[in-house]
Amino acid sequence: MQTFDFTTLTAVCSDIRAHWLPSRLEQVYQRDRYTISIALRTLKQRGWLEISWHPQAARLHIGDPPPRLPDTFTFSQQLVHQLGNLALVAVEAIAPWERVIDLQFARRPGEEPLYHLYVEIMGKYSNVILTDANNMIITAAHQVNQQKSSVRPILTGQPYETPPSLTNATPSLSESQQRWQERISLIPTAIKRQLLKNYRGVSPALVQSMLLAANIDPETNTDTLTPQDWQRLFARWQEWLQALAEEKFQPAWTTEGYTVLGWGGIEPTTDIQELLNRYYTDQLNQQTFSQLRHQLTQKVSNLLEKLWLKAQTFEQRLHQSDQADEYRTQADLLMTYLQKWKPGMKEITLPDFETGKPVKIALEPDKTAVQNAQYLYKQHQKLKRARAAVEPLLAEVNAEIEYLEQVEAAIAQIENYTTTDLQALEEIREELIQQQYLEDQEYRSRSHSETTDNFHHYRTPSGFEVLIGRNNRQNDQLTFRIANDYDLWFHTQEIPGSHVLLRLEPGAVPDEADLQFTANLSAYYSRARQSDQVPVVYTQPKYVYKPKGAKPGIAIYKQEQVIWGQPQLVSG
């Protein structure tokens, strides 16, 4: 992920000063443990200033409105309590070349600030700190006690101290090329490392784009650069400093991310705030998507392994209970042929009642024939009771396995990040929390009323709409809320997969191509995606039921017809 560097910060603050000062602070909302959004209103517009102290994506820019969910964080409540209805009157750097911004709040423009909100963008040490006019700390996003840092503790009630000053050289437009070149070529090594090591304000992304704009390989050693190379690079260096001095920036998308200097730009944009908001939102969402998918996959896989083991144990106990009738038969034989028993016998062979074949019966030598028969009757009763107890337990475990295999199939279908797929994964996580398979840790759940309907959409050859659920919650919504009497409901036969709905108008009749197309989709969005042919059932929605107490996504059906789906024909 591209670092929100000094150049980007300067460009963003310049834009905020031009378009968002002065503005009234109306609301503060904390999105997550690292990010707050501040609602600002000017005479012309209203927007949300997003401030984040995320270890990999600390930043400051105008962002999206927050979701309509309760804010349960205390930091945002403390901020709105102190700053509510005050005016943001200034956005200043605390010192040249520092990535710390002072947001100043006063009753009205022109008055002395009553509060300072310091935004420190410093990688894993990033923080947001509120102080009063005398720079006494009121609250901080991240409190730092003496044990964590003896150099710079950040505690409520203590005076705010600025971060330790950087020791690198300060870039300057007045510095000559000779002096600049001497400084970065003192130790022969890769040019990109020397630029990063010797000067303030530079970042890996800036150096990379600067060197490529100068047509120099970033790994080139300083002692192999030609005079022409040095001249081109110094021209770009000065171009950078000029842009900072004049606050003239050229935001654009690049193949790797973004630039605010135009270097390597493939898609220019006039709105730097939208550029940064889109980039960091997508990057963080992609990171969240990958982590969440891995977390859910591992959790469901572990749960299934335990359940399979449990089911195997129950099946073994049922298999043992199958011997119940054998014990009763042996006991009956023993009671019938008491006269053949002799004291001290360890086993006896008697003819079977029906077949006449010899049946070998193990005996306890210290017990009589009647006592041995009583023992066998007791074993018969014990195993019968075990079957009565185990069968419902096995049914319960198998139902759980069926449910979790359905969840596993849904996660497997969500392979690559998109906003809608992230929402689908989040819904799966909330579902697992509600079903008590996951703990609700630092996760703000989406309310039931906010279930998304971002189903997969397709059109059959005749133009009929096909809707496909991305998870169990969407499956239930499709089958039991959206489906009407004219639609057709599809699902892979006894294979975990999505619920699929072929939408039909009254009187419309799908032809074979439409049915086959929908069956292919049903097979594709199931665990049998890699197969050549998959049995798919379809029926009218009125013949699809949810068993009482069944988990999300579970349904039973009747009056179904079978069609063979071919998942390999679906292009994805």
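In what order do the nine strands of the open sheet stand? They line up as E4-E3-E2-E1-E5-E6-E7-E8-E9, with antiparallel pairing. Keep in mind that this is a predicted model, where local features need pLDDT of at least 70, side-chain atom pairs count only at pLDDT 80 or more, and totals for chains, interfaces and linings use all residues. Residues are numbered from 1 along each chain as its sequence is written, and side-chain values use heavy atoms, with hydrogens and water left out.

View 1. Strands here are DSSP runs of E with at least two residues, helices are runs of H or I with at least four, and both are numbered from the N terminus. Two strands count as paired if DSSP finds at least two bridges between them. Strand E4 (59-63) and strand E9 (137-140) stand at the edges with a single partner strand each, so one side of each has no neighbour in the sheet. On average, neighbouring strands are turned by 30 degrees against each other, direction ignored; axes are lines fitted to C-alpha atoms, for helices over the stretch in contact, and angles run from 0 to 180 degrees between N-to-C directions.

**View 2. Arg 24 and its two partners.** Look at strand E1 (residues 23-32), which is joined to antiparallel strand E5 (residues 87-93) by two bridges. There, Arg 24 has Ala 87 of E5 as its bridge partner. Over in E2, Arg 24 stands opposite Arg 41.

View 3. Helix H1 (residues 6-19) lies across strand E3 (46-52), E4, E5 and strand E6 (100-106), at about 40 degrees to E4. Helix H2 (residues 74-83) packs on the sheet too, touching strands including E1, strand E2 (35-41) and E9; contact means heavy atoms within 4.5 Å. The direction of H2 makes about 170 degrees with that of E1.

**View 4. Leu 338 in its loop.** Here's the loop between helix H8 (324-336) and strand E13 (347-351), where Leu 338 lies. Leu 338 is partly exposed, at 31% relative accessible area.

Technical notes. Buried < 20%, exposed > 50% of the residue type's maximum accessible area, 1.4 Å probe, protein only.
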